[in-house]
Amino acid sequence: MTLDRRGEGATMLKTFTVLLFCIRMSLGMTLTVMDPQPELWIESNYPQAPWENITLWCRSPSRISSKFLLLKDKTQMTWIRPSHKTFQVSFLIGALTESNAGLYRCCYWKEPGWSKPSKVLELEAPGQLPKPIFWIQAETPPLPGCNVNILCHGWLQDLVFMLFKEGYAEPVDYQVPTGTMAIFSIDNLTPEDEGVYICRTHIQMLPTLWSEPSNPLKLVVAGLYPKPTLTVHPGPIMAPGESLNLRCQGPIYGMTFALMRVEDLEKSFYHKKTIKNEAYFFFQSLKIQDTGHYLCFYYDASYRGSLLSDVLKIWVTDTFPKTWLLARPSPVVQMGQNVSLRCRGPVDGVGLALYKKGEDKPVQFLDATSIDDNTSFFLNNVTYSDTGIYSCQYLLTWKTSIRMPSHNTVELMVVDKPPKPSLSAWPSTVFKLGKAITLRCRVSHPVLEFSLEWEERGTFQKFSVDGDFIISNVDGKGTGTYSCSYRVETHPNIWSHRSEPLKLMGPAGYLTWNYVLNEAIRLSLIVQLVALLLVVLWIRWKCRRLRIREAWLLGTAQGVTMLFIVTALLCCGLCNGVLIEETEIVMPTPKPELWAETNFPLAPWKNLTLWCRSPSGSTKEFVLLKDGTGWIATRPASEQVRAAFPLGALTQSHTGSYHCHSWEEMAVSEPSEALELLGTDILPKPVISASPPIRGQELQLRCKGWLAGMGFALYKEGQQEPVQQLGAVGREAFFTIQRMEDKDEGNYSCRTHTEQRPFKWSEPSEPLELVIKEMYPKPFFKTWASPVVTPGARVTFNCSTPHQHMSFILYKDGSEIASSDRSWASPGASAAHFLIISVGIGDGGNYSCRYYDFSIWSEPSDPVELVVTEFYPKPTLLAQPGPVVFPGKSVTLRCQGTFQGMRFALLQEGAQVPLQFQSVSGNSADFLLHTVGAEDSGNYSCIYYETTMSNRGSYLSIPLMIWVTDKPPKPSLSAWPGTMFKLGKDIILQCRGPLPGVEFVLEHDGEEAPQQFSEDGDFVINNVEGKGIGNYSCSYRLQAYPDIWSEPSDSLELVGAAGPVAQECTVGNIVRSSLIVVVVVALGVVLAIEWKKWPRLRTRGSETDGRDQTIALEECNQEGEPGTPANSPSSTSRRISVELPVPI
């Protein structure tokens, strides 16, 4: 038998799409199995004829990428590597022609290859709109009374979408959405809604221009016939190349049967019409791609369908998937106890066998029909012979060539005593001034009692139920070496092995080495200052006694001495400054978030899935624990850094307290908040928390309910009715006490309930006691730089108070992460600096601090939101009505992000902290600047970030310049290629302004009306008949304020002659200039030659007496002797001898 995919199967593929979407959601496969598709759409600057200029845009769904690929007709067309990683790129197609018409898809690069292609865009001949695509999305199974959404994607924006049904001439619905897709909703589905639907689009301004109809889609209401059964032969796990037979059997004869694989609906829809009540679907040669969840149904000739069969999982693999073996309550067991070995794997409907290393035969078997969530291998009354390494494997009852891989193992240890615990000290192992140390003894399973021993004192012993021991150091009696042990309830007389020893150190009393060292430094500086003053006095006395009158000596000595004094003072100041040291924050692995989801909002216990998400991008794996004693399951982290743990329908075995951890390369995170399941028909137990109450101030109580869409109620002890109630507000709610007074003290608890009546309630949370205590005022808390930082930046938190001798605690999201006692040794105000050397993606969050002395704490400081950027794509920032605002007016800055439910922040260049914050449910936020002034001018930018996961933020938006002025700033005017006209060439005047969306005007001196208008600021000037020369200036006006013009630019003068004579004038000028240069050079040469001859002519032609001739000859001889310099002694003597007889 072959599998028919043609003919009616193509129609049925669209017909039952509504069923398949529901199956995906019921299996929880929307995010874990199906890869997200990129989005492809069209943009054009010709709204009434988009085929004249087409640009295709491709956007990745939730991540940035380094490469994007455009495919045409299933072949690679082009790919783009942007200059920086982004989440969307554009592909320019241009005018649509016959050559570039076809089927287009796009992909984006994600390691280790290309993503799944987008939906197919069909571009037909020019003059036609693209053919829309049509599919169905169902929020619940398509049974009578449910709601169904029909989606139509038209590829272009601002289209009119029409929904047609077969048999109706007029459209049954129409929409004009702002985007590229319309959603048609069919509420309260009935059998009358069955039929064939199509979708068409047209341009708003051209109602006669229609697109081609979409592919027809037949809507079928399921549930009219009983569901069939789906079985497999020979088994659900097979190797590639082997054959498989799936049988779908129903109670009615003559029906058409359909088989589907949920993971790939478009390529795995098979149907078969038989005369019997069953159909066989034969796979002759299986492939790896055939692995998946299969189901079947049947329908009659009128397309009235049955319920869906149960899902059957088929595995096609060369090697069996790995199994997990878990030992409960622990792999270390005391002799005589019982232990269960729980084997779990991803393959259902297969038996399991337990093996022990060194033995050939299995120790125990579990049949496939007896395996459920509670089934385990049991070892009762264990002895030393049960010690060993255990593993479990699948037990198959059919033949297959699949290889058996190595499985994870559990080493079972049987001991006479429980294993040793761990012992740690908080805040450190060194005693500080007036501080005690808490020793913490910990073990991974329930304990009856802990014991603490002190090695230096054999009789010392303390007991504790929670494992915390407080050690003080009065008179030095706290230092020494400690260890701890414990005993369990099953064997209360047997104590465990002792922990590793832990040594506590530190001086006794109320002095610390830090205090002694600082006091010694201060005393030495005081001694140096006194000594320097004595030196100054001694120098002055010595100078007077010795009658030293030189003022410079005394001044020099005093200057050197004062230099030493200033240096000492600076050292003293630096010494005081060093007392406030920076405490480096060693960030723990970020705590993950745990919550629950269900597809049965009115009865969540019917199908519950626990989700664990980490704020750290380096998380490799998640672990879910129940009651803190056994490993329930592990899941690798997905691209969204989260993992799902399906529990299915709750049973009594699921009751307990759950929390999860995230695993990184070398660390395990702190546990998440504990989620407590109490029963099979009751909601998870909520958790209530609040900050310390302060008299006269507002207090918020947080109730975490774990499930979305639930209602919340707040109760106070002693009152029957709820104090406050809130509707469905998410997974948590905040109750507010407006003004905390004595009457508001007491025990509070909260409960959750389903949204619709009759309500299904949860158990009350653990009570929270609110007591108003005397507190110090809150400290001053800030960051030294902006709280919006990039990864790798250095951040310092400053926490200070005017009170003396205070210790400080730093909190992140309500959890303590660092402490500082540095201000104990310094007088005056107390302060602490907490340093993050290199900020990571998971270090964002809400930080606060408190200070305390021996018994009194302060109020919490105002929180500082640390946002780590460069995780999400950058938003866009726009000003409405425009970037130029009159003084005293208001302007709205809209920040448009990519994702919904984010928190937005507005930043101004030069400001240390963000100006405004907004939390919105959509993907944009509007920031209103009231009555702006000149000080509000500047560059603005914005970001968005998520508040649930360490404040991971986006890139900063492109800065937007806001001008607060009653007249826009003047533009600049330039000429290209120059300000002088050349033969037959025009000059382009370029007017440029600082604002977008303006209209420019060019003015020419001597003309009353403006010469030209332009939107891009370019003006072409010619010089026919000399009319182009002169002075020019330009200005602009805003589109938002068309009556207001800017100041004119600085004038620019254009020069040059007009008409065809320009070349002759230019050549004549060049010739004349060249002749003048030649004549001037020739005259210069002649004059130089004559000047050289002048002394010789003067000697020959002179009729003076002999004395003049002698002087002249002497001068000539001096000039003619090259070896004798003019100022040599001989020449000087000769000049003197000759010139002395000559009367002056």
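A residue counts as buried when its relative accessible area is under 20%, as exposed when that area is over 50%, and as partly exposed in between, using a 1.4 Å probe and protein chains only. The structure is a predicted model, in which local features need pLDDT of at least 70, side-chain atom pairs count only at pLDDT 80 or more, and totals for chains, interfaces and linings use all residues. Residues are numbered from 1 along each chain as its sequence is written, and side-chain values use heavy atoms, with hydrogens and water left out.

**Exercise 1.** State what share of the residues in the chain is buried, and how many helices and strands there are.

Solution. Begin with burial: of the 1144 residues in the chain, 42% are buried. Then turn to the secondary structure, where helices (H or I, at least four residues) and strands (E, at least two) are DSSP runs, numbered from the N terminus; the chain has seven helices and 78 strands.

**Exercise 2.** Describe the phi, the place and the accessibility of Trp706.

Solution. Trp706, a residue other than glycine, has a positive phi near 75°. Its place is the loop between β49 (699-704) and β50 (711-716), and Trp706 is buried, with a relative accessible area of 0%.
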